[in-house]
Amino acid sequence: MSRWLALRLFRLAARAFPKAYRARWQDEMSATFRQVLGAQPHPLRYALRASADAIRAGLRERLRAPTPSLPTHQYSRTHPMGTFWQDVRYAFRSLWKSPGFSAVAVLTIGLGLGANTAIFSVLDTALLRPLPFREPERLVSLWESRLDRGFTQTTFSRPNFWDMKDQQRTLEGIAAMENSSINLTGRGFPTELALGRVSANFFRMLGVTPYLGRTFAEGEDAPGAGAGGVLLSFRAWKSWGGADREIVGKPLTLNDRSYTV
Amino acid sequence: MPERLSAPVYNVLLALGTETRHGYAIMQHLAELTAGAEELLPGTLYATLARMLDAGLIEEARPPRGEESGGPPRRHYRLTPGGRAQAQAETERMRRWVSVARRVWQPGLAR
């Protein structure tokens, strides 16, 4: 399997060579490649190296190849844009005549662009763009440590959180969030949703106001305050909430328990 | 002053030496000669062979006796007198270069 793939890869890479060159050398080059491949302990690894080499050598041949169809004597040397459209048309004609080379070139550029875009998206989200909260530079994450059990960074127990929230004097406020998931039931087929359990002051502290309705009121998270309410993310409201503007106050069944939006 | 030869061209000249060989044998023999330090991959090898044929450094030749039968038919190559002269000139140029390098880095060993 890997030898078959290796051969296909090399044949594709060899399309980087000009057509006239391939007509003369392709069979011999492929036969030699097949023979070397037979002696390789890691055929795919060798195929990757040989393919990269074939693309390099092929592109060099193309740059070296004479282009008799290029009527250089007709080019205008007076106007800087005089030859521009001729160059563009010539480039497109050349690409059209060598679909294999064009495919390799487009694929290479596409992969490069894709990788760049992916890396920049991560950088932009993680490093460049500020968090969408009020005064994001003042936000910190707090963790507990349980060194006696070998945990240097662990989540707060609920009683510890309440004590910390009431007794600390360093920060303006502390809010808690716990990520988990829950099943949306009572609406046909059950759906698993990502869920964050938060303390009542969570959204106020981040300076976030909801698009519709309200955030949680002080004391709504106190023990014995009832089932409480849920706040939908914008995406959840748009997708399975049907973008219903009257959804606030309606009941929602999660894990067979009723909550209010 | 003769034009300096690229590394792949010089490698092919070395691997052919005084023999007649096909592409695969050139790759193998080069690896043997240099104990694997130099490697020619098929893309570069055939691009180099094409250029060397055009430049008259090598020519196609009949396969040596005993190699005609078995395996796919393939082209064999050998150095032309011009190719041999170029190889010798390049080797001489490198010898002088090495000698200068020795004088600079290892004065005691200069010859």
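## A salt bridge to start from

Let's begin with one pair of residues: the side chains of Arg24(A) and Glu60(B) come together in a salt bridge, with 2.9 Å from N to O. Keep in mind that this is a predicted model. Across the interface of chain A and chain B there are 4 salt bridges, along with 11 residue pairs in polar contact.

## How much the two chains share

Three residues stand out: Trp25(A), Glu28(A) and Gln35(A) provide 29% of the area that chain A buries against chain B, more than any other three residues.

As for residue counts, chain A puts 20 residues into the contact and chain B puts in 18.

## Helix H3 of chain A

H3(A) is worth a look of its own. It runs for 22 residues and spans 31 Å from first C-alpha to last, close to the 32 Å expected at 1.5 Å a residue.

Which residues of H3(A) are buried? They are Pro43(A), Tyr46(A), Ala47(A), Ala50(A), Ser51(A), Asp53(A), Ala54(A), Ala57(A), Gly58(A) and Glu61(A). The cover over these buried residues comes from both chains: it includes helix H1 (2-13) and H2 of chain A, plus helix H2 (23-33) and helix H3 (42-55) of chain B.

## A buried glutamate in chain B

Over in chain B, Glu90(B) sits in helix H4 (residues 81-105). Is Glu90(B) buried or exposed? With a relative accessible area of 6%, Glu90(B) counts as buried because that is under the 20% cut-off.

Its side chain makes a polar contact of 2.8 Å with the side chain of Arg93(B). Leaving aside residues up to four places away in sequence, Glu90(B) also touches Arg4(B), Leu5(B) and Tyr10(B).

## Two alanines with positive phi

Ala243(A) isn't a glycine, yet its phi is positive, at about 50°. You'll find Ala243(A) in the loop between helix H8 (234-239) and strand E5 (251-254) of chain A, where it is partly exposed at 31% relative accessibility.

Ala35(B) also has a positive phi, near 55°. This residue lies in the loop between H2 and H3 of chain B, and Ala35(B) is exposed, with a relative accessible area of 73%.

How values were computed
Residues numbered from 1 in each chain as written. Chains lettered and ligands numbered in written order. Predicted model: local features only at pLDDT ≥ 70, side-chain atom pairs only at ≥ 80, totals over all residues. Heavy atoms only, no water. Contact = heavy atoms within 4.5 Å. Buried area = accessible area lost by both parts, 1.4 Å probe. Polar contact = N/O pair within 3.5 Å; in protein donor to acceptor, adjacent residues only side chain to side chain. Helix = DSSP H or I, 4+ residues; strand = E, 2+ residues; numbered from the N terminus. Buried < 20%, exposed > 50% of the residue type's maximum accessible area, 1.4 Å probe, protein only. Expected span 1.5 Å × (residues − 1).
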